[in-house]
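Open the structure in your viewer and get ready to click along. We will begin with the whole view and then zoom in.

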Amino acid sequence: MIKRPTQLQDLRRKIYIKAKAEKEWRFWGLYVHICKMETHREAYKRARKNKGAAGIDSQTFEEIEAAGVEAFHEDIQKELENKTYYPSRRRQSTIPKGKGKTRVLSIPTIRDRVLEGAIKLILEPVYEADFQPGSYGYRPKRSAAEAIERVAVAAISGKTKVLDIDLRSYFDTISHAELFKKIATRVNDKDILHLIKLIVKAGGRKWIGQGSPLTPLLSNIYLNEVDKMLGKAKEVSRQADGYEHKEYVRWADDLEILVEGQKKWSWLEQAIHKRLREEHKKIKVEINEEKTRTVDLHRGEGFSYLGFDFRPGKTRKGKMGIYKIPMIRARAKLLMSLKEIFSRYLSQAVSRVIYQINPVLQGWVNYFRIGNLGSCFRYIRSWVEKRIRRHLTRMRKKQGYGWERWISSKVYEMGLYNDYQIRYYQLSKAAPSR
């Protein structure tokens, strides 16, 4: 585990405490901390850990380290101190989103990635003090597992009307002027504000490019006022009779709002719809009306969120339950990735194949193991075993799948990943109950 330098950690803590205590305070004098070598070193460690493709200059981490990391940091520091830093153009890359659609990534150079990471290290605690409890995406000490469980707990506790909100091309429609205005409500440092403007505009004129360290923080800042509105609506529902009748969970631009299913709370659902549109209109972000829908779990309807299909069902005691199952396309994407590895290493030793597929399997299983995965995990485990046996028989130029020659225990003795245990996530704080 990579630990932050003590001085940087203490600085971040002090900034957070100050921001939390004084909600109207605008921070100044932060630019000097972005210029510090320890901030650059920590930002580099994080960028190195996340790996990522090279930017438009094709420079890799290996090349930087061969030439000397300290010299690399000194060059950035000198440009910042002389106010001559200027970000490079971003390399555009597309990745599939499913259903034939693609997402455009705007990949900065490693130099720019490190600088953006340094800015994030200093500014993140400022805005963390303002972010709302229902916001989970790309925040420290918060995970997708927690967001998923929060949705499930809310549904089980009676909030069975689900407003599944879809934003139309969110990252492509963020207004730069509005974003800079929101950043300036908490930062009164012209050097930092100028640097952020340069970085944002390097990604394009009307959007903030996905694929850089700073983008997640900026996207959360942009939607924070919407979060505040949803938080106030939650408070209103609680004040009515002492119980919470609404919950919301946002991960970047993926938003789920859960409202009490009883008819007397239909006014709350309508009020949220109206206020959502008003708040999004203020920041010039459109709600995709074609994909936005209201789901009624009591009628057996389901919805999808963060890779899971949420389906209503009955527990063994006959009470309402929620089943969290990986979306079909998530499982299909995993199997496609594994097939590509098996095809690419067709003539390689099985140890090489296992070395390549283990991280893919482990990453997928670790993400989805919090759901109702018994049958899904059995299918994947069996599929992988079968492909490994098939690979072994081909290497020996034999026919069949080698069921008798390579039983399961022998396959896993070769080092194949085998931890398919389901681990239900427990929220750190008990959810409100009626």
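Here is a short tour, from the whole chain to one residue.

**Stop 1: the whole protein.** Keep in mind that this is a predicted model. Switch to a cartoon view and look for 17 helices and nine strands. The radius of gyration is 24 Å, close to the 22 Å that the globule rule gives for 434 residues, so the protein is as compact as a globular protein of that length. Along the principal axes, the C-alpha atoms fill a box of roughly 70 × 70 × 40 Å.

**Stop 2: surface and interior.** Of the 434 residues, 49% count as buried. Among contacts with a separation of 6 or more, 71% are between residues 24 or more positions apart.

**Stop 3: the charges.** Select Lys and Arg in one color, then Asp and Glu in another. There are 88 positive and 51 negative charges, and their mean positions are 5 Å apart.

**Stop 4: Leu334.** Next, select residues 328-344, which form helix 14, and find Leu334 there. Is Leu334 buried or exposed? Its relative accessible area is 3%, so Leu334 is buried, as the cut-off for buried is under 20%.

Which residues does Leu334 touch, leaving out those up to four places away in sequence? Show the side chains of Val360, Trp364 and Ile380 to see them. To finish, look at the pair Leu334 and Ile380: they are 46 residues apart along the chain, and their C-alpha atoms are separated by 9.2 Å.

Notes: Residues are numbered from 1 along each chain as its sequence is written. This is a predicted model: local features need pLDDT of at least 70, side-chain atom pairs count only at pLDDT 80 or more; totals for chains, interfaces and linings use all residues. Side-chain values use heavy atoms; hydrogens and water are left out. Helices (H or I, at least four residues) and strands (E, at least two) are DSSP runs, numbered from the N terminus. The radius of gyration is taken over C-alpha atoms; the globule rule is 2.2 Å times the number of residues to the power 0.38. Buried means under 20% relative accessible area, exposed over 50%, partly exposed in between (1.4 Å probe, protein chains only). Contact means heavy atoms within 4.5 Å. The place of a charge is taken as NZ of Lys, CZ of Arg, CG of Asp or CD of Glu.
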